[in-house]
Amino acid sequence: MGFMQALRQRWTAADSLVCVGLDPEPSRFPARFADDPDAVFHFCRDIVDATAEHVCAFKPQIAHFAALGAEDALQRLIAHIHERHAGIPVILDAKRGDIGSTAQHYASEAFERYRADAVTANPYLGRDSVQPFLDRGDRGVVILCRTSNPGASDLQDLPVANDDGGTRPLYQRVAEMIARDWNGHGNCMLVVGATWPGQLREVRAIVGDMPFLVPGVGAQGGDVQAVVSNARTDDGSGLVVSSSRAVLYASSGDDFAHAAAAAARTLREQINRYR
Ligand SMILES: O=C(O)c1cc(=O)[nH]c(=O)n1[C@@H]1O[C@H](COP(=O)(O)O)[C@@H](O)[C@H]1O
């Protein structure tokens with residue numbers, strides 16, 4: 001089954017638009033992991049097992065593993081999700097994109113080495129830099145559009161020429177181009193930050209039912225009601241609302257997994273209230 005179909009099935013089966021981001025920071029792990037040489041894997045695995053029933057996807061962030069030399073833990077973690085929680089898609093957050101020959105290797109890194117179902121990609125090098133991902137119709141390509149960070153406006157809002165002679169912000173042009181020209185296999189999603197409800201509404205108006213990955217609730221302060229009311233599709237879905245630190249580090253005590261599950265469940269309930 002392809003990524004988009006798996007995601008839609010999981011939205012329904014779990015009645016959830018929540019994604020838990022897996023961003024391990026050993027300095028924030030509970031004390032019980034202090035002497036564990038495989039702490040990154042064990043911490044993330046415990047979080048996955050505790051939160052799985054509340055989520056539509058997991059999103060490991062590759063730099064958080066690679067900076068620790070823990071690529072092997074990332075590989076085992078994704079294998080664990082596939083084996084123990086079959087049906088929950090894994091979005092590898094790597095924000096890849098490069099000249100075609102290199103992008104090809106990024107695609108096999110994400111899909112063959114790590115066995116991710118989808119990967120985040122940066123479109124700002126142009127279509128050829130994302131093409132090897134787009135060509136994998138069975139996998140998802142989650143493309144940055146209007147990111148959640150404070151500096152998102154520095155470049156993404158620059159005015160660019162419209163077909164009608166006017167201008168509009170670059171991110172809107174990117175959204176339109178992806179929806180119209182890049183999504184031939186129907187495997188694209190867009191990243192739009194939860195911190196920008198107005199932009200969420202604008203991008204939704206441009207791209208119809210294309211799903212959004214929406215990071216920025218929780219630690220970055222995005223408002224759940226504003227996200228859902230501005231960005232849901234007509235059927236009350238269309239969103240993968242991702243939270244990392246607010247779930248992972250909900251407690252630094254021995255109850256960390258229980259606290260993470262409670263945080264994921266609460267986020268699911270908040271989202272569902274406004275769908
Ligand atoms: O592509 C992403 O996942 C992403 C895009 C974006 O615009 N903003 C953003 O925060 N992210 C990622 O989403 C996660 C947010 O983490 P929290 O702020 O702890 O929920 C981090 O792993 C970021 O790298």
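The entries below go from confidence to the sheet, then to the ligand and a few single residues.

**Entry 1: confidence**

I began by noting that this is a predicted model. The protein chain has a mean pLDDT of 98, and 100% of its residues reach 70 or more. For the complex, the predictor gives an ipTM of 0.99 and a pTM of 0.98.

**Entry 2: the sheet**

In what order do the eight strands of the open sheet lie? I read off β2-β1-β10-β9-β8-β5-β4-β3, and the pairing is parallel. The edges are held by β2 (57–60) and β3 (91–96). Each of these two has a single partner strand, so one side of each lacks a neighbour in the sheet.

Strand β2 runs parallel to β1, and four bridges join them. Here Leu-22 stands opposite Pro-60 of β2.

One facing pair I wrote down is Ile-91 with Ala-118 of β4.

**Entry 3: strand β8**

Is β8 (residues 188–192) enclosed or open? Five of its five residues are buried, so the strand is largely enclosed by the rest of the structure. Cys-188, Leu-190 and Val-192 point one way, and Met-189 and Val-191 point the other.

Then I checked the partners of β8. With β5 (residues 140–146) it pairs in the parallel sense over five bridges, and Cys-188 is the bridge partner of Val-141. With β9 (residues 212–215) the pairing is parallel too, over two bridges. There, Val-191 stands opposite Leu-213.

**Entry 4: two helices**

Helix α10 covers residues 224–231, and its buried residues are Val-224, Val-227, Val-228, Asn-230 and Ala-231. What do they pack against? I found β8, α9 (197–207), β9, β10 and α12.

Helix α12 (residues 256–273) lies across β1 (18–22) and β10 (239–243). Its direction is at about 145 degrees to β1.

**Entry 5: around the ligand**

How many residues surround the ligand? I get 20, and the closest are Thr-147, Ser-148, Pro-215, Ser-244 and Arg-245. The elements that give two or more residues to this shell are β3 and β10. By class, the shell holds three nonpolar, 13 polar and four charged residues.

**Entry 6: two positive phi values**

Most residues other than glycine have a negative phi, and I looked for exceptions. Asp-15 is one of them, with phi near 45 degrees. Asp-15 is located in the loop between α1 (3–13) and β1. Why does Asp-15 count as exposed? Asp-15 has 12 C-beta neighbours inside 10 Å, and a residue with 12 or fewer is called exposed.

Arg-115 also has a positive phi, about 60 degrees, although it is not a glycine. Arg-115 belongs to the loop between α5 (100–113) and β4. Arg-115 has 14 C-beta neighbours inside 10 Å, so this residue counts as partly exposed.

**Entry 7: Phe-33**

I finished with Phe-33, in the loop between β1 and α2 (39–51). Phe-33 is partly exposed, because 17 other C-beta atoms lie within 10 Å. Which residues does Phe-33 touch, leaving aside its neighbours within four places in sequence? They are Ala-39, His-42 and Phe-43. Phe-33 and Phe-43 are 10 residues apart in sequence, and their C-alpha atoms are 7.6 Å apart in space.

Terms used: Residues numbered from 1 in each chain as written. Predicted model: local features only at pLDDT ≥ 70, side-chain atom pairs only at ≥ 80, totals over all residues. Pairing = 2+ DSSP bridges. Contact = placed C-beta atoms within 7 Å. Axes fitted to C-alpha atoms, helices over the stretch in contact; angles between N-to-C directions. pLDDT = per-residue confidence, 0-100. Near = placed C-beta within 6 Å. Nonpolar A, V, L, I, M, F, W, Y, C, P; charged D, E, K, R; others polar. Buried ≥ 20, exposed ≤ 12 C-beta atoms within 10 Å, placed from the backbone.
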